[in-house]
Amino acid sequence: MDGFDINSSEKADASELQRMIAIEQQKAQFQAQVHNFTDVCWDKCMEGSPSSKLDSRTETCLVSCVDRFIDTTLSITNRFTQMVQKGAH
Amino acid sequence: MDTGTIMEQVKVQIAVANAQELLQRMTDKCFKKCIGKPGGTLDNSEQKCIAMCMDRYMDAWNTVSRAYNSRLQRERARI
(Lines give C-alpha, C1' and ligand atoms only; values in the text may rest on other atoms or scores of the structure.)
Protein backbone atom coordinates (compact mmCIF):
# COMPACT_ATOMS: atom_id res chain seq x y z
CA MET A 1 0.00 0.00 0.00
CA ASP A 2 2.78 2.42 0.99
CA GLY A 3 4.80 1.64 -2.15
CA PHE A 4 1.75 2.30 -4.32
CA ASP A 5 1.14 5.67 -2.65
CA ILE A 6 4.75 6.80 -3.08
CA ASN A 7 4.70 5.80 -6.75
CA SER A 8 1.58 7.74 -7.62
CA SER A 9 2.70 10.85 -5.76
CA GLU A 10 6.09 10.73 -7.55
CA LYS A 11 4.27 10.49 -10.87
CA ALA A 12 2.11 13.48 -9.94
CA ASP A 13 5.24 15.47 -9.04
CA ALA A 14 6.95 14.54 -12.30
CA SER A 15 4.02 15.57 -14.50
CA GLU A 16 3.50 18.77 -12.51
CA LEU A 17 7.20 19.53 -13.04
CA GLN A 18 6.84 18.82 -16.77
CA ARG A 19 3.90 21.17 -16.95
CA MET A 20 5.74 23.96 -15.14
CA ILE A 21 8.88 23.52 -17.26
CA ALA A 22 6.76 23.65 -20.42
CA ILE A 23 5.39 27.01 -19.28
CA GLU A 24 8.91 28.39 -18.71
CA GLN A 25 9.96 27.07 -22.13
CA GLN A 26 7.07 28.91 -23.73
CA LYS A 27 8.11 32.11 -21.98
CA ALA A 28 11.70 31.58 -23.15
CA GLN A 29 10.52 31.09 -26.75
CA PHE A 30 8.61 34.36 -26.53
CA GLN A 31 11.74 36.15 -25.31
CA ALA A 32 13.85 34.58 -28.08
CA GLN A 33 11.38 35.93 -30.66
CA VAL A 34 11.52 39.38 -29.08
CA HIS A 35 15.32 39.31 -29.45
CA ASN A 36 14.97 38.44 -33.15
CA PHE A 37 12.33 41.08 -33.86
CA THR A 38 14.25 43.75 -31.95
CA ASP A 39 17.36 42.95 -33.96
CA VAL A 40 15.59 43.27 -37.31
CA CYS A 41 13.40 46.23 -36.37
CA TRP A 42 16.23 48.22 -34.81
CA ASP A 43 17.89 48.25 -38.21
CA LYS A 44 14.65 49.26 -39.90
CA CYS A 45 13.56 51.96 -37.49
CA MET A 46 16.45 53.52 -35.58
CA GLU A 47 17.89 56.31 -37.69
CA GLY A 48 21.14 58.12 -37.02
CA SER A 49 22.72 58.51 -33.60
CA PRO A 50 20.96 57.31 -30.44
CA SER A 51 18.75 60.01 -28.89
CA SER A 52 17.77 60.70 -25.30
CA LYS A 53 14.46 58.91 -25.72
CA LEU A 54 12.38 56.97 -28.27
CA ASP A 55 10.16 59.40 -30.14
CA SER A 56 6.65 58.40 -31.16
CA ARG A 57 7.59 57.99 -34.82
CA THR A 58 10.20 55.41 -33.90
CA GLU A 59 7.82 53.65 -31.50
CA THR A 60 5.19 53.41 -34.24
CA CYS A 61 7.80 52.08 -36.65
CA LEU A 62 8.86 49.36 -34.21
CA VAL A 63 5.26 48.25 -33.59
CA SER A 64 4.48 48.20 -37.32
CA CYS A 65 7.71 46.36 -37.98
CA VAL A 66 6.74 43.50 -35.66
CA ASP A 67 3.30 43.17 -37.25
CA ARG A 68 4.61 43.38 -40.82
CA PHE A 69 7.35 40.86 -40.10
CA ILE A 70 4.76 38.40 -38.77
CA ASP A 71 2.53 39.12 -41.80
CA THR A 72 5.51 38.44 -44.06
CA THR A 73 6.20 35.14 -42.31
CA LEU A 74 2.56 34.09 -42.72
CA SER A 75 2.52 35.20 -46.35
CA ILE A 76 5.64 33.23 -47.18
CA THR A 77 4.44 30.15 -45.33
CA ASN A 78 1.11 30.17 -47.16
CA ARG A 79 2.59 30.71 -50.61
CA PHE A 80 5.33 28.15 -50.02
CA THR A 81 2.72 25.59 -48.95
CA GLN A 82 0.85 26.22 -52.18
CA MET A 83 4.05 25.84 -54.19
CA VAL A 84 4.86 22.54 -52.54
CA GLN A 85 1.33 21.25 -53.10
CA LYS A 86 1.65 22.08 -56.79
CA GLY A 87 4.83 20.03 -56.92
CA ALA A 88 7.37 22.86 -57.18
CA HIS A 89 10.67 22.62 -55.33
CA MET B 1 15.51 17.66 -5.15
CA ASP B 2 12.04 19.11 -4.73
CA THR B 3 9.97 20.70 -7.45
CA GLY B 4 10.42 24.21 -6.07
CA THR B 5 14.22 24.06 -6.11
CA ILE B 6 14.27 22.59 -9.62
CA MET B 7 11.97 25.31 -10.94
CA GLU B 8 14.13 27.97 -9.29
CA GLN B 9 17.17 26.65 -11.13
CA VAL B 10 15.29 26.40 -14.43
CA LYS B 11 14.11 30.00 -14.13
CA VAL B 12 17.58 31.27 -13.22
CA GLN B 13 19.20 29.46 -16.16
CA ILE B 14 16.63 30.88 -18.56
CA ALA B 15 17.09 34.38 -17.14
CA VAL B 16 20.88 34.17 -17.49
CA ALA B 17 20.62 32.98 -21.10
CA ASN B 18 18.18 35.80 -21.84
CA ALA B 19 20.52 38.42 -20.38
CA GLN B 20 23.43 37.05 -22.41
CA GLU B 21 21.41 37.23 -25.60
CA LEU B 22 20.36 40.80 -24.82
CA LEU B 23 23.92 41.93 -24.14
CA GLN B 24 25.34 40.28 -27.25
CA ARG B 25 22.79 41.89 -29.59
CA MET B 26 22.96 45.24 -27.83
CA THR B 27 26.75 45.28 -28.10
CA ASP B 28 26.55 44.51 -31.81
CA LYS B 29 24.06 47.29 -32.53
CA CYS B 30 25.72 49.90 -30.33
CA PHE B 31 29.19 49.21 -31.67
CA LYS B 32 27.83 49.76 -35.17
CA LYS B 33 26.04 52.96 -34.16
CA CYS B 34 28.69 54.53 -31.99
CA ILE B 35 32.15 53.51 -33.05
CA GLY B 36 33.41 54.89 -36.34
CA LYS B 37 36.97 54.16 -37.17
CA PRO B 38 38.35 52.40 -34.07
CA GLY B 39 40.92 54.55 -32.26
CA GLY B 40 43.35 53.90 -29.44
CA THR B 41 40.65 54.15 -26.75
CA LEU B 42 36.92 54.80 -26.41
CA ASP B 43 36.66 58.58 -26.24
CA ASN B 44 34.04 60.52 -24.23
CA SER B 45 31.56 60.96 -27.06
CA GLU B 46 31.75 57.26 -27.88
CA GLN B 47 31.13 56.34 -24.23
CA LYS B 48 28.11 58.68 -24.04
CA CYS B 49 26.77 57.29 -27.31
CA ILE B 50 27.11 53.74 -25.99
CA ALA B 51 25.23 54.63 -22.79
CA MET B 52 22.36 56.24 -24.70
CA CYS B 53 22.33 53.43 -27.21
CA MET B 54 21.95 50.87 -24.42
CA ASP B 55 18.96 52.76 -23.00
CA ARG B 56 17.35 53.06 -26.43
CA TYR B 57 17.96 49.40 -27.17
CA MET B 58 16.16 48.38 -23.99
CA ASP B 59 13.33 50.81 -24.80
CA ALA B 60 13.09 49.23 -28.24
CA TRP B 61 13.14 45.73 -26.73
CA ASN B 62 10.25 46.61 -24.41
CA THR B 63 8.26 48.19 -27.24
CA VAL B 64 8.77 45.11 -29.40
CA SER B 65 7.83 42.83 -26.50
CA ARG B 66 4.54 44.68 -25.96
CA ALA B 67 3.80 44.71 -29.70
CA TYR B 68 4.44 40.98 -30.03
CA ASN B 69 2.34 40.21 -26.96
CA SER B 70 -0.55 42.29 -28.36
CA ARG B 71 -0.32 40.51 -31.69
CA LEU B 72 -0.38 37.08 -30.03
CA GLN B 73 -3.46 38.07 -28.03
CA ARG B 74 -5.20 39.35 -31.15
CA GLU B 75 -4.43 36.10 -32.99
CA ARG B 76 -5.70 34.02 -30.06
CA ALA B 77 -8.91 36.03 -29.93
CA ARG B 78 -9.56 35.13 -33.57
CA ILE B 79 -9.40 31.36 -33.03
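This is a predicted model: local features need pLDDT of at least 70, side-chain atom pairs count only at pLDDT 80 or more; totals for chains, interfaces and linings use all residues.
Residues are numbered from 1 along each chain as its sequence is written, chains are lettered from A and ligands numbered from 1 in the order written, and side-chain values use heavy atoms, without hydrogens and water.

User: How many disulfides are there over all chains?
Analyst: A disulfide is counted for a pair of cysteine sulfur atoms within 2.5 Å. One of them joins B:Cys30 to B:Cys53, with the sulfur atoms 1.9 Å apart. By this rule, the count over all chains is four.

User: Which helices hold B:Cys30 and B:Cys53?
Analyst: Helices are DSSP runs of H or I with at least four residues, numbered from the N terminus. The two cysteines are 23 residues apart in sequence, so their link ties together separate parts of chain B, namely helix α1 (residues 3-34) for B:Cys30 and helix α2 for B:Cys53.

User: Is A:Cys61 buried, partly exposed or exposed?
Analyst: Buried means under 20% relative accessible area, exposed over 50%, and partly exposed in between, using a 1.4 Å probe and protein chains only. The disulfide partner of A:Cys61 is A:Cys45, with an S to S distance of 2.0 Å. A:Cys45 has a relative accessible area of 5% and is buried. At 28%, A:Cys61 is partly exposed.

User: What is the volume of the largest pocket?
Analyst: On a 1 Å grid over the protein atoms alone, a pocket is an open set of points where a 1.4 Å probe fits, with protein on both sides within 12 Å along at least five of seven lines; lining residues have an atom within 4 Å of a point. Here the lining has 15 residues, with A:Cys45 among those nearest the centre. The volume, the space filled by probe spheres set on the points, is about 210 Å³.

User: Which element gives the largest share of the lining of the second largest pocket?
Analyst: The residues lining this pocket include A:Phe30 and B:Tyr68. α1 of chain A and α2 (44-78) of chain B each supply at least two residues. The largest share, five residues, comes from α1(A).
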